[in-house]
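Subject: Structure for you to look at

Hello,

Here is the structure I promised to pass on. My notes on it follow below.

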Amino acid sequence: MERAKKFLGLSQDESEAVSRLDVPERQAGEGKSFYDTFALAGNRVVRVEPGLIVCSFKVPPRLTDRTGKLANGAIANLVDVVGISVDFVEGLPMNVSVDMSISYLSTAKLDDELEIISKRLGQRGGCTGTLVLVRNKATGEIIAEGRLSLFRPQASSKL
């Protein structure tokens, strides 16, 4: 356990650098969040049709792991966000991912151009199933395939 703590811990220089960061307070719904800027910046919508979204994403340095490949967490994030977006309806509450299964089939390197395709598989009541495919645009190689089960909560009632 001590080895894990030491491996995951920050050095004194890293700790001081983090403590000097100025992170302004932000109200919910006000402008872009850190999450939007860090994790989703660069994701471009290429095509939208009913039940289908196609996006393009170039792997940035901020989302790579120590080996220079797109981090699995970043892939999971893209699968989740693009998978939810395929069933977005303005004026209704956002869907919530209740189950996500991702098969990591290959890796993507820094500056690789990815194509992310999300398709609605079906819908019953407030539940929707989606399939998300992450593919290297240049080689056609499949990086990951995800399946999401989404739930749209009902608008809150006034009791």
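This is a predicted model: local features need pLDDT of at least 70, side-chain atom pairs count only at pLDDT 80 or more; totals for chains, interfaces and linings use all residues.

Strand 1 and strand 2 (residues 52-58) pair in the antiparallel sense, over five bridges. Arg47 has Val54 of strand 2 as its bridge partner. The two strands form a hairpin with two residues between them, and Gly51 there takes a positive phi near 80°. Is strand 1 covered or in the open? Strand 1 covers residues 44-49, and of these six residues the number buried is zero, so the strand lies largely in the open.

Six strands make up an open sheet in the order 1-2-4-5-6-3, with antiparallel pairing. Strand 1 and strand 3 (96-104) are at the edges. Each has a single partner strand, so one side of each is left without a neighbour in the sheet. On average, neighbouring strands are turned by 15° against each other, direction ignored. Strand 5 and strand 6 run antiparallel and are joined by nine bridges. Within that pair, Leu131 stands opposite Arg147 of strand 6.

What packs on the sheet? Helix 4 does, touching strand 2, strand 3, strand 4, strand 5 and strand 6. The direction of helix 4 makes about 130° with that of strand 3. Helix 4 has 14 residues and reaches 20 Å from first C-alpha to last, close to the 20 Å expected at 1.5 Å a residue. Its buried residues are Ala74, Ile75, Ala76, Asn77, Leu78, Val79, Val82, Gly83 and Ile84.

Next, the core. In soluble globular proteins, nonpolar side chains tend to be buried together. Here the largest nonpolar core has 24 residues. Those with the most contacts inside it are Leu70, Val79, Leu114, Ile116 and Val134. Two or more residues each come from strand 2, helix 4 (72-85), strand 4 (113-124), strand 5 (127-136) and strand 6 (142-151). Helix 4 gives the most, with seven residues.

Ile116 is worth a click. Leaving aside residues up to four places away in sequence, Ile116 touches Asn43, Ile53, Val54, Cys55, Phe57, Leu78, Val82, Val132, Leu133 and Val134. Val54 in that list is also the bridge partner of Arg47.

Then look at Val59. Where does Val59 lie? It is in the loop between strand 2 and helix 4. The relative accessible area of Val59 is 0%, so Val59 counts as buried. Val59 and Lys109 are 50 residues apart in sequence, yet 6.9 Å apart in space, C-alpha to C-alpha. Beyond four places in sequence, Val59 touches Thr64, Leu70, Ala108, Lys109, Leu110, Asp111, Asp112 and Leu114. Leu70 and Leu114 are among the core residues with the most contacts.

Last, the whole protein. The protein has four helices and six strands. From the N terminus on, the elements run α-α-α-β-β-α-β-β-β-β. Of the 159 residues, 29% are buried. The protein exposes about 10900 Å², and carbon and sulfur atoms supply 55% of that.

Best wishes

Terms used. Residues are numbered from 1 along each chain as its sequence is written. Side-chain values use heavy atoms; hydrogens and water are left out. Buried means under 20% relative accessible area, exposed over 50%, partly exposed in between (1.4 Å probe, protein chains only). Two strands pair if DSSP finds at least two bridges between them. A nonpolar core is a set of buried Ala, Val, Leu, Ile, Met, Phe, Trp, Tyr and Cys residues joined through side-chain atoms within 4.5 Å. Contact means heavy atoms within 4.5 Å. The expected span of a helix is 1.5 Å times one less than its number of residues. Axes are lines fitted to C-alpha atoms, for helices over the stretch in contact, and angles run from 0 to 180 degrees between N-to-C directions. Accessible areas come from the Shrake-Rupley method with a 1.4 Å probe; for residues, only the protein chains shown count as cover.
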